[in-house]
Each structure stands twice: as C-alpha cells, then as structure tokens.
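Let's take a walk through this one together. Have a look at the fold as a whole, then we'll go into the details.

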Amino acid sequence: MTSRTDDLDLTAIRRVLEDRRDGSRERVSGLARTPERGSGLGFGKRIGDGTIEAVSRLTDIGVGSTLERGLARTERALTKLDEGTYGVCDTCGAAIPAPRLRAMPDSVHCLACAAAERTPRPARRR
Ligand SMILES: [Zn+2]
C-alpha cells in the first residue's frame, strides 16, 4: 500500500523496538520496586549519607520519567507498526524520512513536530 517505508526492514525495526520496550519496562519496574535500594546495608557510610541518598533519589526520579517517556514512545511506535501508520507523523500526518527512522526507530513524529515538542513551553503562572 504505502511505498515510503518499503526500504525499511520493518521486521528488524519491530525487533529493535520490542527489545527496547522490554528493557525499558524492566528498568521502570525496577526503579519503582526498589526506591531504597541498598539503604541500611552500610554501602554509603562515608560522608553525608542523607545528602547522597536524596540526590540519588532525585536522579532516579529524573531517570524514571525519561525512561517512561521513552517507553511510551517505543510502545507508540510498535502500535503504529501494527496499525500500518509507522513512518507517518502522529501530529501532522507527514511522512517521517526513512533515514530518521533508521537512526531513531521509535520516531513517531516528523522532524518539525519533534523539534516543536522538545522546545520547552513557557511556564504557566499559577
Ligand atoms: Zn509532524
């Protein structure tokens, strides 16, 4: 039907995406399951235990949300493979260039929309 993804190995891409999804899921559930990993085991007995712990928790939270965003995108890309809309931008419907899909198989947006999404929105006043 569509010709724009003809030169892409969708089977290989699906495999890459599934691998990535499984790996991300494992890491996300690992982070959720072990928030206090290693505490009380004498691991961080050097300086400023509490500080180190607080910092690492913040880092974990950051990593966690990045992971979850990546996981959501990977899952979306897999859904698009199922739907037959892989390679079509979710936002504007434009074709995503094959080289971009090869470089980033979990791309669900064209370059312009992805760039727009990455641009931080101005913080809203409360
Ligand atoms: Zn777009």
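How does Cys-92 count by its relative accessibility: buried, partly exposed or exposed? Cys-92 counts as partly exposed, at 46% relative accessibility. For these labels, buried means under 20% relative accessible area, exposed means over 50%, and partly exposed lies in between, with a 1.4 Å probe and protein chains only.

Before going further, a word on what you're looking at: this is a predicted model, in which local features need pLDDT of at least 70 and side-chain atom pairs count only at pLDDT 80 or more, while totals for chains, interfaces and linings use all residues. Residues are numbered from 1 along each chain as its sequence is written, and side-chain values use heavy atoms, with hydrogens and water left out.

The zinc ion is held by the SG atoms of Cys-89, Cys-92, Cys-110 and Cys-113, at 2.3 to 2.4 Å. Donors here are N, O and S atoms within 2.8 Å of the metal (3.2 Å for Na, K and Ca), and since water is not among the atoms, sites may look incomplete. Along the sequence, the donor residues follow the spacing C-x2-C-x17-C-x2-C.

In the model, the span 84-116 is 36% helix and 0% strand, and its end C-alpha atoms lie 24 Å apart.

Now zoom out. The protein has four helices and zero strands, giving the pattern α-α-α-α along the sequence. Helices (H or I, at least four residues) and strands (E, at least two) are DSSP runs, numbered from the N terminus. Of the 126 residues, 26% are buried. Among contacts with a separation of 6 or more, 57% come from residues 24 or more positions apart, a contact being heavy atoms within 4.5 Å.

Next, the charged side chains. The whole structure holds eight salt bridges, each a side-chain nitrogen of Lys or Arg within 4 Å of a carboxyl oxygen of Asp or Glu. One of them joins Glu-75 and Arg-25, at 2.6 Å from N to O. Glu-75 sits in helix H2 (residues 49-83) and Arg-25 in helix H1 (residues 10-33), so the pair ties together parts that are 50 residues apart in sequence. Both are partly exposed: Glu-75 has 28% relative accessibility and Arg-25 has 40%.

Further along, Arg-76, Lys-80, Glu-83 and Asp-90 are linked in a network of salt bridges. Within it, Arg-76 pairs with Glu-83, their closest N and O atoms being 3.7 Å apart, and Lys-80 pairs with Asp-90 at 2.8 Å. Lys-80 lies in helix H2 and Asp-90 in the loop between H2 and helix H3 (98-103), so this pair ties together parts that are ten residues apart in sequence. Lys-80 is buried, at 1% relative accessibility, whereas Asp-90 is partly exposed at 33%.
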